[in-house]
Amino acid sequence: MNVLWLIMLCVSIVFAIFTGHLEAFTTSIFDGAKAAVEVSLYLLGIVSVWMGITRILEDSGLIYRIAHLFKPLICRLFKNIPDDHPSITAITLNVLANLFGLGNAATPLGIQAMQDLDELNQDKGTITPEMMTFIVINTASIQLIPFSVIGILATYGNHNPAAVVFPVLIATAISTMTALLVLAAFRRIFR
Amino acid sequence: MIKSIEYISLLIIPLFILFTVLYGTLKKVRVYDSFVAGAKEGPAIILKIFPYLLTIFVAIKGFQASGAFDYLRDAFYGVFSFLHIPIEAVSMAIIKPLSGSASTALFVDIVKTTGPDSMATHMSAIIMGSAETTFYVLAVYLGAVSIKKTRYLVPVCLISDFIGILVAVMVTRWFF
């Protein structure tokens with residue numbers, strides 16, 4: 001992240017100087033800051049709601065039941081999660097939310113999953129293999145129904161907006177599997 | 001078909017909440033107090049995420065505004081036009097990992113300018129549906145647990161994005 005951020009900033013500033021976009025660049029820095037505040041405020045709301053629901057799930061013991069149910073499935077991908085660990089529930093619910101294209105629900109669930117996975121982290125501040133697997137699954141994003149895309153296509157008169165559902169499913173399934181293979185390859189190399 | 005699936009997806013969250021509170025009540029949990037106690041954790045988490053989000057947003061917005069983004073797109077254009085991939089889809093492939101709202105705006109623009117049934121529209125739609133806002137996910141998820149050492153995660157995500165977009169292009173060719 002450090003290298004990437006450094007490169008992005010340096011390249012941007014050099015480009016801004018040579019293409020005469022200096023004013024736009026400076027404005028964009030403050031735009032970025034504003035966008036971060038807006039997104040954070042939005043996240044504050046939905047994350048707090050999810051945290052509230054999670055607490056009920058925990059207090060009633062339901063979260064451990066869900067975890068137990070999906071244990072065999074999640075265990076294949078995440079090797080070092082102990083039985084009945086709450087992270088299993090959060091991961092499962094996050095994947096389901098992504099599957100249905102419920103981005104609003106997926107983000108707080110993902111945050112929860114990361115926090116649960118961090119409980120198992122021996123070396124805080126350094127990413128664990130489980131966290132990497134989880135993030136890669138999220139950025140590759142398996143999607144069943146891309147509602148926003150279908151909505152836009154329908155609005156502008158596409159003759160069959162639903163036709164994208166199957167190709168998207170195929171594309172995301174292949175790309176998620178490839179992403180996991182790439183991760184596995186890197187894991188071998190950088191052991 | 002889509003309508004009924006859409007309805008089911010609308011039902012999921014409300015039904016999940018209903019089930020949670022009813023089950024909690026059945027197990028003698030004071031659901032109101034539990035919810036409040038849980039919600040109290042929200043602000044602390046967001047406070048942790050905020051600096052990461054700000055850092056990545058500043059870099060992304062700056063990158064777009066400086067003209068570097070356009071240059072990157074033009075550089076890719078040569079390669080992609082050779083493969084007969086519409087320039088619009090190339091823009092989408094570059095912008096989708098960077099910004100969710102910008103990619104939605106771009107998609108609407110592509111549909112308007114190239115028509116709702118064009119190859120560019122279909123290809124962009126598949127990319128839009130199959131790629132994720134990688135940098136946003138990285139900032140938010142890593143920020144939530146204050147991860148500083150990401151090891152090989154970022155290269156893996158970038159390679160996966162690239163492969164994902166190639167897959168999306170091939171799948172589009174195959175279906176449309």
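The lining of the largest pocket in this predicted model comprises 22 nonpolar, 15 polar and six charged residues. Here Ala, Val, Leu, Ile, Met, Phe, Trp, Tyr, Cys and Pro count as nonpolar, Asp, Glu, Lys and Arg as charged, and the others, Gly among them, as polar. The pocket holds about 1100 Å³ of space. Its lining numbers 43 residues, and B:Gly100, B:Ser101, B:Glu132, B:Thr133 and B:Tyr136 lie nearest the centre. Both chains supply elements with two or more lining residues: α2 (22-60), α4 (86-99), α5 (103-119) and α7 (147-155) of chain A, with α3 (42-65), α6 (100-114), α7 (119-130) and α8 (134-144) of chain B. The largest share, eight residues, comes from α2(A). Helices are DSSP runs of H or I with at least four residues, numbered from the N terminus. Pockets and cavities were located on a 1 Å grid over the protein atoms alone; a pocket is an open set of points with protein on both sides within 12 Å along at least five of seven lines, a cavity is a set where a 1.4 Å probe fits but cannot get out, and lining residues have an atom within 4 Å of a point. Volumes are the space filled by probe spheres set on the points, which are joined across faces, edges and corners.

The second largest pocket holds about 580 Å³. Of its 21 lining residues, B:Leu72, B:Phe76, B:Ile94, B:Phe135 and B:Leu158 are closest to the centre. Two or more residues each come from α1 (2-19) of chain A and from α4 (68-82), α5 (87-95) and α9 (153-175) of chain B. By class, this lining has 20 nonpolar residues, no polar residues and one charged residue.

Two cavities of 30 Å³ or more were found. Residues of both chains line it, including A:Thr139, A:Ala140, A:Ser175, B:Ser130, B:Glu132 and B:Asp161. At least two residues each are supplied by α6 (129-140) of chain A and α9 of chain B. The largest share, five residues, belongs to α9(B). Four of the lining residues are nonpolar, five polar and two charged.

The second largest cavity has a volume of about 40 Å³. Its lining consists of A:Asn94, A:Val95, A:Asn98, A:Ile137, A:Asn138, A:Ser141 and A:Ile142. Helix α4(A) gives the largest share, three residues. Three lining residues are nonpolar, four are polar and none is charged.

Helix α8(B) is mostly covered, with eleven of its eleven residues buried. Buried means under 20% relative accessible area, exposed over 50%, and partly exposed in between (1.4 Å probe, protein chains only). Among the buried residues are B:Phe135 and B:Tyr136. Just after this helix, B:Ser146 takes a positive phi of about 50°.

B:Leu11 lies in helix α1 (residues 2-26) of chain B. This residue counts as partly exposed because its relative accessibility is 33%.

Residues are numbered from 1 along each chain as its sequence is written, and chains are lettered from A and ligands numbered from 1 in the order in which they are written. In this predicted model, local features need pLDDT of at least 70 and side-chain atom pairs count only at pLDDT 80 or more, while totals for chains, interfaces and linings use all residues; side-chain values use heavy atoms, with hydrogens and water left out.
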